[in-house]
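I opened this entry to keep track of what I looked up. My notes follow in the order I took them.

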Amino acid sequence: MNLAVKDIRHSFGRFVLTTVGVGLLLMVVMGMRGAYRGIEEDATFLIDNVGADLWVVQGRAQGPFAELSRIPDNLSDRVAAVPGIHKATRCVYYTVQRRHAGKSLRMSIFGLDWPVEKGEWLPLIAGRSLGQNHYEMLADKALGLSLGEQVKLGKDAYTVVGITKGMVSQAGDGLGFVTIRDAQAIQEDVPGEAMRLERSARSARATRNDIGRTQPFILDRAAGPVSNIPALGSPPISAVMVTLEPNASAAEVAAVLSSWPDVSVITHVEQRELMLTGPVDKARRQIGMITSLLLIVSAVVLTLIIYTLTLERATAIALLKLIGSPDRVILGMVLQQALLIGGVGYGIGYLLGQVILPYFPRRVVLVDYDLLQLAGIVAGICLLGSLLGMWKAARVSPNEILS
Amino acid sequence: MDETWAIETQNLTKIYGSGNTEVVALRDADIRIRHGEVVALLGPSGSGKSTFLAAVGLINPPTAGRIFLDGQLVMDGPRTFTDLRRFRRQHIGYVFPKSNLVPFLSAVENVQIALELDGQSSSVARRRALELLDYLGVADRADHMPSALSGGQQQRVAIARALANQPGIILADEPTAALDKQRGRQVMELFRMVAHEQNGGVIVVTHDQRALDVFDTIYEMEDGVLTRQASQLTVT
């Protein structure tokens, strides 16, 4: 006869409530651990998926994700000429927050080097990759945009032609993929009045200068569009993504690029490390500490539940001892109940997590290793918690049945 | 001639507390109960009856004095000479006035557990438990939980459990308190039959004057002092 099961059967309603409570607690622990993993994955998902072996960024900078990076538009041509490099593509990366459909829309823009890059490598769940150099956009599901929807960014509207899944920035903002030209247009967009004021200021500066007085033609150029002034370069890009030849050594190519004084070179591994130790580090550590505290709270709660259950069974335990029940039967009952509460609670927590956690605003990633680790921790907590209950059960005297 | 007694105590003394708070619950209690003898223990509340029963039942060790059960020295003061829990399981059946049943086991399971703890298989134990419940007239309540049983039904289930392992010694504290006259008498006669059939000793603490004729010997307890009142039947 299994006394633990009989006891649970007798107080089934309370057992259900207890395990649901424990399950909710464990679901929060799983969720926190999953959020921790989610932050890591958000921070590295784009880096892992874009397929670049090296990132060439602004000198002494660690961009384009961990910090701002601005490099000349034509740097990619220089990079592409280095032996061992298969492909050097430009990218632009920044975050905007605009109004769309009456709501705030926060989006990280990633400019693709059209026509070399059209976004074929992106995990599309609907639509297609970019089909033209302008006014098309691939939007992540997290942005809440739908296929065919038009989003006004700057002076132009961009039509969503594809929907990706899981492509978010380290802050959890959905990514919008457009061509580099469009990305630069959105980034450089200023109101017409600001443009007029800037042109006027340029004319004024040229007028005050000798060159303006001696070369009046320059005044005309200064008052015109930026693209008409040869002295001013085209808008900068954020980075050049390098794909190596199959047999090329990343270290050797990186050494060549690093010898250029105007740029920094970051390998794929370093880029991941920069993200994990930079922008998301404090958030990760914070969640890690909260998870640890939650585990301690869970341990205390489980121990108290098991101890209280044992206290409530004191008379029954005394009676069992009176009729000659060996210690192993009574202690086994306490231990089995503890493991059942922990095990069923864990199962409930897992099932609830499968239903609830996907609705969290940021990605929650439940990894098998973490789930197994938590199961082990819960089993350990149950064992330790039951020790207190078993200690109490061992101290119950059959004499108590007479009192 | 040496005689082996079912229950024998020598100078059994139990003292609670010490110094100014010292209470002597039992004073040099001597008793000898033959195999097959049924003994009633009478006395007012607080006289020490339950303390005596708990000491003889190896639940609450005496401060001093010796306890022999079935001729075997089991305790000498607080010192024990056997595995008490096993001895209780195999040789003693208990019936107490309250908290008699495990609340999370059904009536039949409460009897069955005593048999299973003694090594019987679940199916054999259940069959035997049902037989006992039937014998005590509560078979129809076999699958009910204790909370769904009346006081009398609970008491009969507890008696069935006490008898389950056919113990040589039965210790009962007010076993008929919740029973009507007829059932009360039946229970007393049951104890007597068990004592005779199993050649064991039975001590019953009771206030029930209606069935005193069932007992072979009557003892009285007052202020911890045990005295023999009368011998009613000759036990052979």
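**Helix α12 of chain A**

I began with what surrounds this helix: the buried residues of α12(A) pack against α1 (3–10), α2 (12–50), α10, α11 (314–322) and α13 (368–395) of chain A. I keep in mind that this is a predicted model.

Next I looked up the helix itself. Helix α12 covers residues 327–356 of chain A, which is 30 residues. From its first C-alpha to its last I read 42 Å, close to the 44 Å expected at 1.5 Å a residue.

Which residues of α12(A) are buried? I listed A:I330, A:M333, A:V334, A:L335, A:Q337, A:A338, A:I341, A:G342, A:G345, A:Y346, A:G349 and A:G353. I noted a general point beside the list: an α-helix has 3.6 residues a turn, so residues three or four places apart point the same way.

**A:D281 and helix α10**

I then turned to α10, one of the helices that the buried residues of α12(A) pack against. Helix α10 of chain A runs over residues 281–312, and A:D281 lies in it.

Is A:D281 buried, exposed or partly exposed? It counts as partly exposed, because it has 13 C-beta neighbours inside 10 Å. The cut-off for buried is 20 or more, and for exposed 12 or fewer.

I also checked A:D281 against A:Y346. They are 65 residues apart along the chain, and their C-alpha atoms are separated by 29 Å. A:Y346 is among the buried residues of α12(A).

**Chain A as a whole**

Chain A has 13 helices and ten strands. Its C-alpha atoms fill a box of roughly 115 × 50 × 40 Å along the principal axes.

I compared the radius of gyration with a compact globule. For 403 residues such a globule would have a value near 22 Å, but chain A has 31 Å. Buried residues make up 40% of the 403 residues in chain A.

I looked at contacts in chain A between residues at least 6 apart in sequence. Of these, 77% join residues at least 24 apart.

**Where the chains touch**

**Helix α5 of chain B**

I stayed with chain B. Helix α5 spans residues 151–164 and has 14 residues. It reaches 20 Å from its first C-alpha to its last, close to the 20 Å expected at 1.5 Å a residue.

α5(B) is mostly covered, with twelve of its 14 residues buried. Among them are B:V157, B:I159 and B:L163, and also B:R156 and B:R161. The cover includes β7 (92–95), α3, α4 (122–135), β8 (169–173) and α6 (181–197) of chain B. B:Q166 follows α5(B), and its phi is positive, near 50 degrees.

**A sheet in chain B**

I followed β6(B) to its neighbour. Strand β5 (residues 72–76) of chain B pairs with β6(B) in the antiparallel sense over two bridges. B:M75 has B:T80 in β6(B) as its bridge partner.

Notes
Residues numbered from 1 in each chain as written. Chains lettered and ligands numbered in written order. Predicted model: local features only at pLDDT ≥ 70, side-chain atom pairs only at ≥ 80, totals over all residues. Helix = DSSP H or I, 4+ residues; strand = E, 2+ residues; numbered from the N terminus. Pairing = 2+ DSSP bridges. Rg over C-alpha atoms; globule rule 2.2 N^0.38 Å. Contact = placed C-beta atoms within 7 Å. Expected span 1.5 Å × (residues − 1).
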